[in-house]
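Visitor: Please take a close look at one part of this model. I would like the side-chain pairings, with the cut-offs behind them.

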Amino acid sequence: MAAEIKPAVGGQRTTGDRKLTLLAKVEGFGDDVHDAVFIDGEDGIITASDDKSVRVWLRRDTGQFWPSVCHYMPSPTTCLFYHASSHRLFVGLDNGTVCEFHLATDYNRLSPVRDYLAHQARVTACLLCPTSEWTLSVSRDKTFQYHCTETGRRLGGHQTDAWCTAMQYDMTSKHVFVGDYSGLITMLKLDESGPTLITKLNGHTGSIGALSWDAVRQWLFSGSYDQNIIVWDIGGRQGTAYELQGHTAKILSLCYHAGSRQLLSASEDGSVVVWNMAASRRETPSWNESDVCQLCSKPFFWNLRAMYDNKQLGLNRQHHCRNCGRAVCDACSSRRCTIPPLGFELPVRLCEPCFTTESAAGHTPLASIHEAKHRLVTAAIDGARLRYLTVGQDRLVKVWELAAASS
């Protein structure tokens, strides 16, 4: 029976929100599932598993998904990219190889096309740029590589300082964004002669878990192990960054739906958050640094001279108000409140003046928090059919319908 994902405790529905109704569970995996993608234009999905298999699943008249192809690889399969119009499937392997296949029009056969010996370690993301006929990939060997799909020739690469964990590509500008385990995002410009380093984005305190791209507004979304999402205004070229906070564990998937201008984030905490990205938001404030509380003037614990002069003892730690950025002590920032225009959908620390202002403002939530009932590994979206899938640590793939929530 179909079941709706209910908003988790603390989550609320917002204007233009979508409810997620469970359509089916895909099970029967003997090992961990690393990735899954939709077959655009068909009621089916493709999965990659630690048992070395690539499986094509089609939804039957009963509503259940059954495998139509089960193809075993020489190494565990770790990531997938499917290009619907050409029926090309790219599979990243744990041994560093990217394999290209052609999926038959009846979805009952996978035909090998070419192997790209791209990396020396696990491939963490791969994709196809059909206009340039390039395949792009990143790996735990700390490299980004791209190859010509017509000749198989390597066109270039870039070395990062840590494992590469995520990747997004803008076909119009030919910029690629590579997230890594250190929390950096490297932006490269690609052409036939090789990549050119443009910049490095540094805003997270944890590893990059997922990236997504809004091609219209040229916004990059980055989700991290630090439980935060940062929205980078790449097109504005002014370094504007907005934060979104609605999870309590690592963020492992970001899916942007251009039609509704909503971002779906999935976390290891089992939650799916639907963010309204059409709403007006404020840029995250910078944090002030001070030797004393900027409200009551009590010295912080490292300011020994001031503590001695004022005859104040005790461990007075520095905190920061999430609304104004003031450096404050615990006594002056004991209140908690949500601030949706700043992306804080869970209660955060505020100083007393900001708490009074923000709690009186009565902000409407700009995101809804839902419970998917399994610890998530990754997720994917089919924007045309309004479908969403989640892959869990329980070796289940759940397929959901996205529908407009009733008021």
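Guide: What follows covers aromatic pairs, charges over rings and salt bridges.

This is a predicted model, where local features need pLDDT of at least 70, side-chain atom pairs count only at pLDDT 80 or more, and totals for chains, interfaces and linings use all residues. Residues are numbered from 1 along each chain as its sequence is written, and side-chain values use heavy atoms, with hydrogens and water left out.

Aromatic pairs come to eight. Rings of Phe, Tyr and Trp (its six-membered ring) pair if their centres lie within 6.5 Å; planes under 30 degrees apart are stacked, over 60 edge-to-face, the rest tilted. The rings of Phe29 and Trp57 are tilted, because their planes stand at 55°, with centres 5.4 Å apart. Phe29 sits in the loop between strand S2 (18-26) and strand S3 (33-38), while Trp57 belongs to strand S5 (residues 53-59), 28 residues apart. Strands (E, at least two residues) are DSSP runs, numbered from the N terminus. Phe29 is buried at 8% relative accessibility, and Trp57 is buried at 3%. Buried means under 20% relative accessible area, exposed over 50%, partly exposed in between (1.4 Å probe, protein chains only).

Trp219 and Tyr242 are also a tilted pair, with centres 6.4 Å apart and planes at 40°. Trp219 lies in strand S20 (residues 219-224) and Tyr242 in strand S22 (residues 241-244), so the pair ties together parts 23 residues apart in sequence. Trp219 is buried, with a relative accessible area of 16%. Ring pairs also link Trp134, Phe144 and Tyr146 into a cluster.

The rule asks for NZ of Lys or CZ of Arg within 6 Å of the ring centre and within 35 degrees of the ring normal. The charged end of Arg140 sits over the ring of Trp163, 4.4 Å from its centre.

Arg217 also meets Asp214 in a salt bridge (2.8 Å, N to O). A salt bridge is a side-chain nitrogen of Lys or Arg within 4 Å of a carboxyl oxygen of Asp or Glu. Asp214 is buried at 3% relative accessibility. The count of salt bridges is 15. Another joins Asp43 and Arg385, with the closest N and O atoms 3.5 Å apart. These two residues are 342 residues apart. Asp43 is partly exposed at 23%, as is Arg385 at 30%.

Terms used:
Helices (H or I, at least four residues) and strands (E, at least two) are DSSP runs, numbered from the N terminus.
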